[in-house]
Amino acid sequence: MQHTFQVQGMTCGHCERAVVHAVRQVDTDASVQVDLPTGRVAVESDHPRKALAAAITEEGYTVAA
């Protein structure tokens with residue numbers, strides 16, 4: 001299942017790695033693509049969208065509705 005999130009607060013490679021790591025804490029097999037300039041995070045995962053968004057939020061980023 002493809003999930004797309006609009007994430008605010010990502011500015012660098014460290015931010016990108018933190019978001020990817022957070023998603024993979026929920027689903028180790030998730031495919032994660034981060035586009036820093038647009039703040040777009042695309043996740044291919046069978047896990048619930050809410051759980052993935054919560055993991056990103058716990059890293060300190062804002063996930064827009």
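The buried residues of helix H2 pack against S1, H1, S3 and S4. Helices (H or I, at least four residues) and strands (E, at least two) are DSSP runs, numbered from the N terminus. Leu52, Ala53, Ala55 and Ile56 are the buried residues in H2, where buried means under 20% relative accessible area, exposed over 50% and partly exposed in between (1.4 Å probe, protein chains only). They cover an arc of only 155 degrees around the axis, which puts them on the same side of H2; the arc is that of the directions from the helix axis to the C-beta atoms. Turned away from that buried side is a face with the exposed residues Lys50 and Glu58.

Before going further, a word on the source: this is a predicted model, in which local features need pLDDT of at least 70, side-chain atom pairs count only at pLDDT 80 or more, and totals for chains, interfaces and linings use all residues. Residues are numbered from 1 along each chain as its sequence is written, and side-chain values use heavy atoms, with hydrogens and water left out.

With a relative accessible area of 16%, Ala53 is buried. Not counting residues up to four places away in sequence, Ala53 touches Phe5 and Val63, contact being heavy atoms within 4.5 Å. Pro37 lies 16 residues from Ala53 along the chain, and their C-alpha atoms are separated by 19 Å. After H2 comes Gly60, with a positive phi near 105 degrees.

**The sheet**

What is the order of the 4 strands in the open sheet? The order is S2-S3-S1-S4, with antiparallel pairing; two strands pair if DSSP finds at least two bridges between them. Strands of a sheet pair through backbone hydrogen bonds, either parallel or antiparallel. The edge strands are S2 (31–35) and S4 (62–64), each pairing on one side only. From one strand to the next, the twist averages 30 degrees.

S2 and S3 (residues 40–44) are joined by 5 bridges, and these two strands form a hairpin with 4 residues between them. Gly39, in the turn, has a positive phi of about 75 degrees. S1 and S3 also pair in the antiparallel sense, over 5 bridges, while 3 bridges join S1 to S4. Here are some of the bridge partners in S3:

| Residue | Bridge partner in S3 |
|---|---|
| Val32 | Val43 |
| Gln33 | Ala42 |
| Phe5 | Val41 |
| Gln6 | Arg40 |

On the S4 side, Gln8 stands opposite Thr62.

Helix H1 (residues 13–26) lies across S2 and S3 and runs at about 155 degrees to S2. Helix H2 (residues 49–58) packs on the sheet too, touching S1 (2–8), S3 and S4, and its direction makes about 25 degrees with that of S1. For these angles, axes are lines fitted to C-alpha atoms (for helices over the stretch in contact), and angles run from 0 to 180 degrees between N-to-C directions.

**The core**

The largest nonpolar core has 17 residues, of which Phe5, Met10, Val32, Val41, Val43 and Tyr61 touch the most other members. Such a core is a set of buried Ala, Val, Leu, Ile, Met, Phe, Trp, Tyr and Cys residues joined through side-chain atoms within 4.5 Å. S1, H1, S2, S3 and H2 are the elements that give two or more residues to this core, and the largest share, 5 residues, comes from H1. Leaving aside neighbours within four places in sequence, the contacts of Val43 include Phe5, Val23, Val32 and Leu52.

**A buried serine**

The side chains of Ser45 and Asp27 are joined by a polar contact of 2.6 Å. That term stands for a pair of N or O atoms within 3.5 Å; within protein, one must be able to donate a hydrogen and the other to accept it, and residues adjacent in sequence count only if both atoms are side-chain atoms. The Ser45 side chain also reaches the backbone nitrogen of His47, at 3.0 Å. Leaving aside neighbours within four places in sequence, Ser45 is in contact with Met1, His3, Asp27, Ala30 and Leu52.
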